[in-house]
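This briefing covers sheets, the helices packed on them, and a few backbone details. Please look at the model below before reading on.

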Amino acid sequence: MKRNKRITRLMIIGCGPHFIDRYSEVLIKQRPDIEIAIVVDLERRKDAVMRAMAAKGLSPERYIFFDEAHRNFPPLDEIRSRLNHMPELVGVDAALICTEPKAHLAYALWSTEQGLDIFMDKPITALTHKKMPEQLRHEFLCLLKAQQLADVRFVVSCERRMQIGYHYIDLVARLARLNCRLLDVDMADPVLKVTRVRHQDLGQVLKPETYHHMGIYQDINHQAIPYGCGELDITLTGHYQHQQRFRMGFCLQLLETSVSARHVPDEPPGTGRIRQETVHIHLGNLCSIRVVSDSLHKLTDTAEKFDITIALNPQVAAGEPIRKIDRAELSEKEPQLPITCGLNVFARRAQLLDFLAGGEACSPLASHADTLSLLVKTCQAMRALPNAEHEGAVM
């Protein structure tokens, strides 16, 4: 893979929990080699941002704070007028974008105009209840064109791309892409079925008197988790086909409503979602991959759950027919990943390190085309569900 020059001068756009809790630790270790020229955030967060940067021992040359009105969908002209002529911008190599997702598009476009390499949190752009899912594809293509015209690197911080266990799924994706080329399978058009449960749908699982007997007296129709926080139970099944013949199937079940750290006193907001996840990918008569993971360790002293099982058809693939990998083995394969470290935190930091060193962190913008197509189809399917008028706001 081509390596670009190392980043030596950086600007930070957005200093939320991902930056403070994850990326800042990377910059602390890189402090002798990387200058922080500019930090951009919101005026309302001015004191908190400056205190956090000082506590981390990070000293940007300049702070710029935008009005709260520009939190979501800031006008590109406003960004240009505030940032374009700053003397501190001279020599900046890259922008680290960690804003609210609704601000991603504008700041990323501005960064390409400045010829800056970009490291940006996922999602690429945000879906809202007023936006049609197809707009996500339009915005992706807009950013891709801007990146190509500017000839800059554009890395999307998608931690699963950097997790060594998920590299097996990357292999399946490549096989699926080969399948596409050979058999004219449309990767943007899977057959999908979606089932969705929101936390507010669960209020009548038990009778109110049963909740009262358990010592729960809040209004069960208004769950303690605030509306729009994002906890969802999603089951997504789908397959690709060619001329009505099955080629590749998959199933994802993501459960978040059972447990939430939002109920736990003194827990930071970033630990709110407690994820339980199963992914199953079935590639015809070649192989099957199953991943089981969860983030229950956030509320316990146990290690993070991550198990992957690979089943190969011995008639068509050499080697072990069954291969199992667990969380402990991942730490054995990666000495810098202790068993006590969360995979997502480690992967995000590893991605930023690779980006700063001139790499693409296994997640260049262009590589998200198939993922984006599947996301659009999934959002369309969710919009078709009953009572889905606010669906975009929580995805």
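**Helix across the parallel strands**

Helix H2 (residues 46-55) lies across strand E1 (9-13), strand E2 (35-42) and E3, and H2 runs at about 155° to E3. Axes are lines fitted to C-alpha atoms, for helices over the stretch in contact, and angles run from 0 to 180 degrees between N-to-C directions; contact means heavy atoms within 4.5 Å. Helices (H or I, at least four residues) and strands (E, at least two) are DSSP runs, numbered from the N terminus.

The model is predicted: local features need pLDDT of at least 70, side-chain atom pairs count only at pLDDT 80 or more, and totals for chains, interfaces and linings use all residues. Residues are numbered from 1 along each chain as its sequence is written, and side-chain values use heavy atoms, with hydrogens and water left out.

**Parallel sheet**

- Six strands make up an open sheet with parallel pairing, in the order E3-E2-E1-E4-E5-E6; two strands pair if DSSP finds at least two bridges between them.
- Strand E3 (62-66) and strand E6 (154-157) each have a single partner strand, so one side of each is left without a neighbour in the sheet.
- From one strand to the next, the twist averages 15°.
- Strand E4 (residues 94-97) and strand E5 (residues 117-121) run parallel and are joined by four bridges.
- Leucine 96 has phenylalanine 119 in E5 as its bridge partner.

**Antiparallel sheet**

- Seven strands form an open sheet with antiparallel pairing, in the order E7-E8-E9-E10-E11-E12-E13.
- At the edges are strand E7 (191-198) and strand E13 (322-326), each of which pairs on one side only.
- On average, neighbouring strands of this sheet are turned by 5° against each other, direction ignored.
- Five bridges connect strand E12 (residues 305-312) with E13 in an antiparallel run, and threonine 309 has lysine 324 in E13 as its bridge partner.
- Helix H10 (residues 369-383) lies across E7, strand E8 (232-242) and strand E9 (245-255), at about 60° to E7.

**Backbone details**

- Most residues other than glycine have a negative phi, and most peptide bonds are trans.
- The peptide bond from lysine 122 to proline 123 is cis, with omega near 0°; proline 123 lies in the loop between E5 and helix H5 (134-150).
- Alanine 361, in the loop between helix H9 (343-356) and H10, has a positive phi near 55°.
- Alanine 361 is buried, with a relative accessible area of 1% (buried means under 20%, exposed over 50%, partly exposed in between; 1.4 Å probe, protein chains only).
- Cysteine 362, in the loop between H9 and H10, has a positive phi of about 60° and is partly exposed at 42% relative accessibility.
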